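This briefing goes through one protein structure, topic by topic. Please keep the sequence and the 3D view open while reading.

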Amino acid sequence: MRIADVIARAVSVPRLAQFRPKTAHGERATSDYVIVQVRTEDGPVGLGEATVDRAWSGEDAISTESLINGTVRDLLLGANAGDWAEVAARLGRLTMHRPFLRAALEMACLDILGKQAGVPVSMLIGGARRTGIPTKFVVPARDPETATRIAATAAERGALALKVKVGIDIAQDAARVAAVREVLPEMHLTVDANEGWGVDEARAALRRMDDFGVAVVEQPVARHAWAALAALRHTGRAAIAGDESIWSEADIVTAAAHSALDIACLYPGKCGGIRRAMTVAAIAGAHGMRVSVGSNLELGVGSAAMAHMLAALPQLSTAMPADLIGPLYHEHSLVTDDSFVRFDGATCPAGPGLGVALDEAAVEHYRLRQR
């Protein structure tokens, strides 16, 4: 399974206007990604996806495409795609600071391994512990009427849990959550401030969230405000989750030292790959933290990788279902079958490797060309 070629294509896919996300970090009409193919000598082709966002991770589509098609390709030619330690060591000569790029290449190598062995990726990372994956649909930080309409639509299509985006303004945030709760009195609710509140605002907001039966408050304050996060754990009844706070094993140790979080939100891209995300999850569990899987609104390939990880993860929070929902927000997922992602939950794609195939016509249609 020696690597014969590595090909990256930057794409930009429109988000559906009906559900277009809006958070404390802002909003955009499109999402950028890099689709990766790793070709082996007379063997399978592996698929990967980097969900790139300069504001989130510092990685953008055009530079990632250029880097993979140039230096990364040259570094990886001849490497054994089935030996991630070798591939990672070669990547380490270039950079240790592009987790989404590394995750995309690891996805592709796992896809190759699974296809070669005729088994799903979940079998390569410990075996599937579950077939059904509980998920939550995310309601954007829009006016109460719009948020309620989106929440009701998601519920009609089968959603069993919702995450409402907050962190814009306490009064507006409370009005939005109250409106959703009024329309859906039995719905399991979490909220996500995306670092949008100050410490005093967060303290007041958490008390308001108790009024609406919110189970989890995600990232209420800035990512490294550890003392504030720890104090907020004693403010209301909701569990405190960290997403922007948690990227690595060191972040888990720091969070544990401050007793800052109840739940750690992880996903392959942010951690630099599925294997490392599972290692971080294990360390979180050892420190008494529950684990949830967040999202950068992955398309079909990235969502498939998340599904396999979710199937195999030993530690999962029941209070905070996964954000395995990216294809539901986009005009196209760039795979031929994304039916494993639904409003009422997700499953692992069937078949060896990641279990998905690229829709080549769609990839070319959404190509992001350099100007």
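Two strands are said to pair if DSSP finds at least two bridges between them. With that in mind, Ala 241 stands opposite Ile 263 in β9, and strands β8 and β9 pair in the parallel sense over 2 bridges. The model is a predicted one. The points below cover the paired strands, a pocket, a cavity, aromatic rings and two further residues.

- Strand β6 (residues 188-192) and β7 run parallel and are joined by 4 bridges.
- In this pairing, Thr 190 is the residue opposite Val 216 in β7.
- A right-handed β-α-β unit is made by β6, helix α8 (residues 199-211) and β7.
- Strand β7 also pairs with strand β8 (residues 239-242), in the parallel sense and over 3 bridges.
- Here Val 216 stands opposite Ala 239 in β8.
- Together, β7, helix α9 (residues 226-232) and β8 make a right-handed β-α-β unit.
- Val 214 is found in strand β7. Val 214 counts as buried because its relative accessibility is 6%, and buried means under 20%.
- Val 214 and Val 177 are 37 residues apart along the chain, and their C-alpha atoms are separated by 8.8 Å.

- Strand β9 (residues 263-266) pairs with β8 over 2 bridges. From β8 the chain crosses through helix α10 (residues 249-258) to β9, and this β-α-β crossover is right-handed.
- Both faces of β9 are covered. Ile 263 and Cys 265 lie on one side and Ala 264 and Leu 266 on the other, and all of them are buried.
- Strand β10 (residues 290-293) runs parallel to β9, and 4 bridges join the two.
- Cys 265 stands opposite Ser 292 in β10.

**The largest pocket**

- The space in the largest pocket is about 660 Å³.
- Its lining has 34 residues, and those nearest the centre of the largest pocket are Arg 15, Thr 23, Asp 53, Ser 295 and Asn 296.
- At least two lining residues of the largest pocket come from each of β2 (30-40), α1 (54-57), β4 (137-139) and β5 (161-165).
- Which element gives the largest share of the lining of the largest pocket? That share, 3 residues, comes from β2.
- The lining of the largest pocket divides into 15 charged, 11 nonpolar and 8 polar residues.

**The largest cavity**

- The count comes to 1 cavity of 30 Å³ or more. About 50 Å³ of space lies in the largest cavity.
- The residues lining the largest cavity include Glu 49, Ala 50, Thr 51, Phe 100 and Met 107. Also in this lining are Pro 268, Gly 269, Glu 298, Gly 302 and Met 306.
- Strand β3 (45-51) and helices α4 (99-117), α11 (268-271) and α13 (300-312) each supply at least two residues of the lining of the largest cavity.
- With 3 residues, β3 gives the most to the lining of the largest cavity.
- By class, the lining of the largest cavity has 5 nonpolar, 3 polar and 2 charged residues.

**Aromatic rings**

- How many aromatic pairs are there? The count comes to 6 aromatic pairs.
- The ring centres of Phe 19 and Tyr 329 are 6.3 Å apart and the ring planes stand at 70°, so this pair is edge-to-face. The cut-off for edge-to-face is over 60 degrees.
- Phe 19 lies in the loop between β1 (3-14) and β2, and Tyr 329 in the loop between α13 and β11 (341-342), so the pair ties together parts that are 310 residues apart in sequence.
- Phe 19 counts as buried, at 1% relative accessibility. Tyr 329 is buried, with a relative accessible area of 1%.
- One aromatic cluster is formed by Phe 19, Phe 137, Tyr 329 and Phe 343.

- Thr 95 lies in the loop between α3 (84-92) and α4.
- Thr 95 counts as buried, at 15% relative accessibility.
- Thr 95 and Val 72 are 23 residues apart in sequence, and C-alpha to C-alpha they are 9.8 Å apart in space.

Technical notes
Residues are numbered from 1 along each chain as its sequence is written. This is a predicted model: local features need pLDDT of at least 70, side-chain atom pairs count only at pLDDT 80 or more; totals for chains, interfaces and linings use all residues. Side-chain values use heavy atoms; hydrogens and water are left out. On a 1 Å grid over the protein atoms alone, a cavity is a set of points where a 1.4 Å probe fits but cannot get out, and a pocket is an open set with protein on both sides within 12 Å along at least five of seven lines; lining residues have an atom within 4 Å of a point. Grid points are joined across faces, edges and corners, and a volume is the space filled by probe spheres set on the points. Ala, Val, Leu, Ile, Met, Phe, Trp, Tyr, Cys and Pro count as nonpolar, Asp, Glu, Lys and Arg as charged, and the others, Gly among them, as polar. A crossover is right-handed if, with the strands pointing away from the viewer, the path from the first strand over the helix to the second runs clockwise. Rings of Phe, Tyr and Trp (its six-membered ring) pair if their centres lie within 6.5 Å; planes under 30 degrees apart count as stacked, over 60 as edge-to-face and the rest as tilted. Buried means under 20% relative accessible area, exposed over 50%, partly exposed in between (1.4 Å probe, protein chains only).
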